[in-house]
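Hi there,

Here is the structure I promised to pass on. Please have a look at it first, and then read on for my notes.

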Amino acid sequence: MSEARFRFLSQEDVVAAGGLDVAATIDVVEEALRLHAEGDTRLPSKSALLWSDELGSEEKDGRIMAMPAYVGGSVGLVGLMWIPSVPSNPSRGLPRGIGLIVLTDPRTGLPVAVMDGTIVSAVRTGAVTGVTARRLARPGARVAAILGAGVQAATQLSALEAVLPELDEVRVWDIAPERAEAFRERSDAVVPVASAEEACRDADVIVAATMAPEPYVPPEWLGVGSLFCSVSSLDAEIACVERADLVVCDLWEHETGHHSRPLARALAAGAVSRGDTVELPDLVTGRHPGRTSDDQRIFSSPVGLAIEDVAAAARVYRKAEDLGIGTELSLWQDPIWA
């Protein structure tokens with residue numbers, strides 16, 4: 001029996017292998033969604049370990065998620081994203097989200113890679129917004145708003161700049177004004193603003209990426225033709241979903257299975273049903289036309305899917321192999337139980 005070897009990729013290795021390439025990740029996330037629409041994936045529900053069942057506990061106390069998936073086609077790998085989220089970590093000099101990814105050969109069950117997932121998760125999250133904005137922002141979108149100026153906001157900005165060629169103003173608001181001000185360094189288009197309302201009013205695309213413990217965005221802030229992307233969970237009031245002309249999620253069962261997510265809250269309130277929503281795989285494959293009018297208000301809530309993480313991680317792993325990046329490790333010399 002040959003030795004079971006796999007590639008270990010540190011965070012530095014992931015970066016060197018193109019892990020921060022948001023544009024490339026947008027394309028591979030689209031491919032994963034297309035493969036899902038074609039039935040060439042396996043996607044169990046993610047498992048969330050929460051410290052409390054109260055709404056907002058994830059934002060206050062944190063959680064750990066285990067996200068397994070198989071992606072076929074050009075990806076052809078099984079993977080697991082293990083990602084704790086600890087809101088108090090920044091005060092310790094640590095990332096809030098700390099990801100670890102295992103990629104496995106589905107034919108043998110052998111691991112092919114173990115890698116840092118923090119970069120992959122953040123960039124994948126931005127990439128999903130990129131897929132959404134590319135297909136649902138109204139033509140000529142020029143003004144975007146980002147609520148929150150943390151790590152997630154950085155990849156959201158990169159994604160918006162990658163898919164909106166006429167974007168020239170990105171309003172950034174954060175509960176800590178100094179974070180919004182520091183965000184100026186990321187792009188000449190960034191304009192820090194004093195309130196969330198100022199950011200949202202008349203913006204073409206609005207992205208919420210905060211740790212807000214309760215809703216604060218009313219539907220009156222979302223203008224005609226706007227696209228609202230709810231990356232975080234508790235920013236938008238249920239009425240924002242109820243009054244939208246088109247409601248989009250990545251997958252209904254996964255979105256509504258997470259009780260703090262906007263569509264889960266709207267479902268519990270009787271404000272939305274499965275038949276009222278469109279899933280991203282149907283947009284990617286053209287089964288649904290997406291935006292049909294410049295005046296439509298669109299609400300999008302992607303909870304994040306393991307197929308996206310596996311596809312994004314597979315891209316990094318294969319580039320690392322091509323470049324000889326990472327450390328080869330051995331699981332065994334000869335298996336005891338063969």
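This is a predicted model: local features need pLDDT of at least 70, side-chain atom pairs count only at pLDDT 80 or more; totals for chains, interfaces and linings use all residues.

**Overall build**

The protein chain contains 12 helices and 16 strands. Along the principal axes, its C-alpha atoms fill a box of roughly 65 × 40 × 40 Å. The radius of gyration is 20 Å, which agrees with the value near 20 Å for a compact globule of 338 residues. Of those 338 residues, 57% are buried. I also looked at contacts between residues at least 6 apart in sequence: 69% of them join residues at least 24 apart.

Leu80, Trp82 and Leu100 together make a nonpolar surface patch of about 250 Å². Leu80 belongs to strand 5, which covers residues 77-85. Its relative accessibility is 32%, so Leu80 counts as partly exposed.

**Aromatic pairs**

How many aromatic pairs does a search of the whole structure find? The search gives 2. One of them is formed by Trp173 and Tyr216, whose ring centres are 5.8 Å apart with 45° between the planes, a tilted arrangement. This pair links distant parts of the chain, 43 residues apart: Trp173 sits in strand 9 (residues 169-173), while Tyr216 is in the loop between strand 11 (205-208) and strand 12 (227-230). Are these two residues buried or partly exposed? Trp173 counts as buried because its relative accessibility is 16%, under the 20% cut-off. Tyr216 has a relative accessible area of 21%, so this residue is partly exposed.

Phe228 and Phe299 also pair up: their ring centres are 5.3 Å apart and their planes are at 10°, so this pair is stacked. Because Phe228 lies in strand 12 and Phe299 in strand 15 (residues 298-301), the pair ties together parts that are 71 residues apart in sequence. Both Phe228 and Phe299 are buried.

If you open the model, you could begin with the patch made by Leu80, Trp82 and Leu100, and then turn to the stacked rings of Phe228 and Phe299.

Best wishes

Technical notes: Residues are numbered from 1 along each chain as its sequence is written. Side-chain values use heavy atoms; hydrogens and water are left out. Patches are made of residues with over 30% relative accessible area and no salt bridge: like charges are joined within 9 Å, nonpolar side chains (Val, Leu, Ile, Met, Phe, Trp, Tyr) within 5 Å. Accessible areas come from the Shrake-Rupley method with a 1.4 Å probe; for residues, only the protein chains shown count as cover. A salt bridge is a side-chain nitrogen of Lys or Arg within 4 Å of a carboxyl oxygen of Asp or Glu. Helices (H or I, at least four residues) and strands (E, at least two) are DSSP runs, numbered from the N terminus. Buried means under 20% relative accessible area, exposed over 50%, partly exposed in between (1.4 Å probe, protein chains only). The radius of gyration is taken over C-alpha atoms; the globule rule is 2.2 Å times the number of residues to the power 0.38. Contact means heavy atoms within 4.5 Å. Rings of Phe, Tyr and Trp (its six-membered ring) pair if their centres lie within 6.5 Å; planes under 30 degrees apart count as stacked, over 60 as edge-to-face and the rest as tilted.
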